[in-house]
Amino acid sequence: MPDNIVWLLERAGVLLLIAALGTCMGTLLTRFRGSRAIAASLLVILSLIPIGNVSGFIFIYSVVGPLSTATIIGCIYLMGLMLGFLPPPSRYSMLMVTGLLAVLGLVLYPGAIGLLPWDPYRMGFGGAVLPAVLAVVALAAGAANLIFVSLWIAASAAGWQLELFVSKNLWDYVIDPLAWLASLLVFATAAIRGILQRRYAES
């Protein structure tokens, strides 16, 4: 992949994240879908305006870096949901997707920062183990009608094979810290809400 295309693709994910945040902000301010799209557009434009020597976009990119397909697809889905183009997910789907992301992050990040004697991040540079595991997960997700998971893993594998980003590690295409932290928050919130609803129904 040409370097200039890779440069653009890595930064496009952050612009998409900013647009998703703008859509959410618009949802809090108005019920009109068109206004939400305008809010997303305005936030993207404002993020590109330098304040001093650094724009908001550059600052966010320096913090989160290139985003994985999990975050990119999640942002696309969130914007589609907020703009009324996509239906809300079922509680089952939400728990399964966020639970899988949470587990993958727990497998990857403690070892990657040296908290465990085994570093699973190295598996992403080559070999058949990680691709095989992800293929099994994608097939199981397809059988369970979890289309988001199958699409996410297929897009990750395709991006890795095409070298759409600078990284040559498959893990960087599958998950990033932002997606992991978001999944922990959403999973915990959904799980606690389900427990409280069950207790309320039983009382």
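Contact here means heavy atoms within 4.5 Å. With that in hand, here's a quick look at this predicted model, where local features need pLDDT of at least 70, side-chain atom pairs count only at pLDDT 80 or more, and totals for chains, interfaces and linings use all residues. Residues are numbered from 1 along each chain as its sequence is written, and side-chain values use heavy atoms, with hydrogens and water left out.

**Fold**
- You get nine helices and two strands, counted as DSSP runs (helices are H or I, at least four residues; strands are E, at least two) and numbered from the N terminus.
- Reading from the N terminus, the order goes α-α-β-β-α-α-α-α-α-α-α.

**Overall dimensions**
- The C-alpha trace spans about 60 × 45 × 30 Å along its principal axes.
- Among contacts between residues at least 6 apart in sequence, 70% join residues at least 24 apart.

**Burial**
- Of the 203 residues, 35% are buried, meaning under 20% relative accessible area with a 1.4 Å probe, protein chains only (exposed is over 50%, partly exposed in between).

**A look at Glu10**
- Glu10 sits in helix H1, which covers residues 3–29.
- Is Glu10 buried or exposed? Glu10 counts as buried because its relative accessible area is 7%.
- Setting aside neighbours within four places in sequence, Glu10 is in contact with Tyr61, Pro66, Phe165, Val166 and Ser167.
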